[in-house]
Amino acid sequence: MKLQRHGAIACLALTAVLGLSACGSDNNEPASASASGSASAADCGKGTLNAQGSSAQKNAMAEWIKAYQQKCSGTTINYESTGSGAGIQAFIAGTADFAGSDSALKPEEQPQADAKCTGGAALNLPMVIGPVAVVYNVGGVDNLQLKPTTLAQIFAGKVTKWDDPAIKADNPNATLPAAPIQTVHRSDESGTTDNFTKYLSKTAPAEWTFGNNKAWKAPGGLGAPKSDGVASKVKSTEGTISYVEWSYAENSGLKKAKVQNGAGEYTELTAESAGKTIAGAKIEGQGDDLKMSIDYATKEAGAYPIVLVTYEIVCSKGIAADKLPLVKGLLGHAASTEGQAELVELGYAPLPDSVRTRVEAAVKNLA
């Protein structure tokens, strides 16, 4: 059932984001060619690779590890979804060979991460595009739509009832209950929180005064650990609203609000609408450091504005000789056309090809 639901969006995602002209049923030949290309691009290596971090990319990483290990026997790759903050700290401490993070390294983190990389620097390599859904559990309300200013007031604790005039103004035809709103946020440090609060601070700065951070800074609300904990809390608790990656929203069967974009449209989260925002993202890093800047106030018609980029934090140089083939092999597969195509059935959107090719080249340059 899960694969069928996400399989239906695969053509839309590939068309919108990669710019393919069609998605026919006879699409196995290109994938096969890509598979053989990625297999020969790097030595499989032997041994064990340990990584941790973002729970948003957990399902993507599990798929990539499975596919890679099928090609490369004799390898053991462990990815633990401890959260972005914990992953970066593990990378800095030398207990993770690379880290997954929903945010690029912050200025204060960069020199600490660089210190792990003998003769090089720590890179931010975008690998997974994860649209962030605004999810809610309110009986009788099935088509909720929200402006950025309303969202900011809800999560700042300024709008506390579901029938508040601000929510009514966004939903003039809805019957809203006079019930309290219970916001849910990540209790652990999370790149998803960092991205969601960045969205609020960019689109509703007067209403959201807490800036952006991996740790939740606003008062009140319920905390839940990791993405699956947030999804579970919303699913089981009436009157809740939260933010979670699209794949978790879909897998838990949660209601998703339409969000108003910079063009004034209330937009449903789909692969196509998320892809329109992704296509406008810019790379602001230098050389092989590919951190991206997203326009959360996009005026692109039909664009869904809340998307996050999940990175792999990895050394450009100084990777241990016994780990290097494994790191390049796994991340090379993830950045390949084949690896990115594997994401669409999991509730993610693939990288735009203009970005994907740069990530692929950066992985090949790792040393």
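At what angle do the axes of helix 4 (residues 58-71) and helix 13 (residues 324-335) cross? In this predicted model, in which residues are numbered from 1 along each chain as its sequence is written, local features need pLDDT of at least 70, side-chain atom pairs count only at pLDDT 80 or more, and totals for chains, interfaces and linings use all residues. Side-chain values use heavy atoms, with hydrogens and water left out.

The axes of helix 4 and helix 13 come within 9 Å and cross at roughly 115°, where axes are lines fitted to C-alpha atoms, for helices over the stretch in contact, and angles run from 0 to 180 degrees between N-to-C directions. Helices (H or I, at least four residues) and strands (E, at least two) are DSSP runs, numbered from the N terminus. The crossing of helix 4 with helix 13 is right-handed, a crossing being right-handed if the near helix is turned clockwise from the far one by less than a right angle, and left-handed if anticlockwise. On the side of helix 4 the contact (heavy atoms within 4.5 Å) is made by Met-61, Trp-64, Ile-65, Ala-67, Tyr-68 and Lys-71, and on the side of helix 13 by Pro-325, Leu-326, Gly-329, Leu-330, His-333 and Ala-334. By class, this contact has 9 nonpolar, 2 polar and 1 charged residues, with Ala, Val, Leu, Ile, Met, Phe, Trp, Tyr, Cys and Pro counted as nonpolar, Asp, Glu, Lys and Arg as charged, and the others, Gly among them, as polar.

Within helix 4, the residues Ala-60, Met-61, Trp-64, Ile-65, Ala-67 and Tyr-68 are buried, where buried means under 20% relative accessible area, exposed over 50%, and partly exposed in between (1.4 Å probe, protein chains only). The cover over the buried residues of helix 4 includes strand 2 (75-80), strand 3, strand 4 (122-137), strand 14 (307-315), helix 13 and helix 14 (337-341).

A search of the whole structure finds 11 salt bridges, each defined as a side-chain nitrogen of Lys or Arg within 4 Å of a carboxyl oxygen of Asp or Glu. One of them joins Lys-58 to Asp-228, with the closest N and O atoms 3.8 Å apart; Lys-58 is in helix 4 and Asp-228 in helix 10 (residues 226-236), so that the pair links distant parts of the chain, 170 residues apart. Lys-58 is partly exposed at 28% relative accessible area, and Asp-228 is likewise partly exposed, at 41%. In another, the closest N and O atoms of Lys-106 and Asp-194 are 3.3 Å apart. Because Lys-106 lies in the loop between strand 3 (98-101) and helix 6 (110-114), and Asp-194 in helix 9 (residues 191-203), this pair ties together parts that are 88 residues apart in sequence. Both Lys-106 and Asp-194 are buried.

Asp-353 forms a salt bridge with Arg-356, the closest N and O atoms being 2.7 Å apart. These two residues are 3 residues apart in helix 15 (residues 353-364), and are therefore separated by about one helical turn. Asp-353 is partly exposed at 34% relative accessibility, whereas Arg-356 is buried, at 7%. Salt bridges that share partners join Asp-353, Arg-356 and Glu-360 into one network.

Lys-226, placed in helix 10, has a positive phi of about 60° although it is not a glycine.
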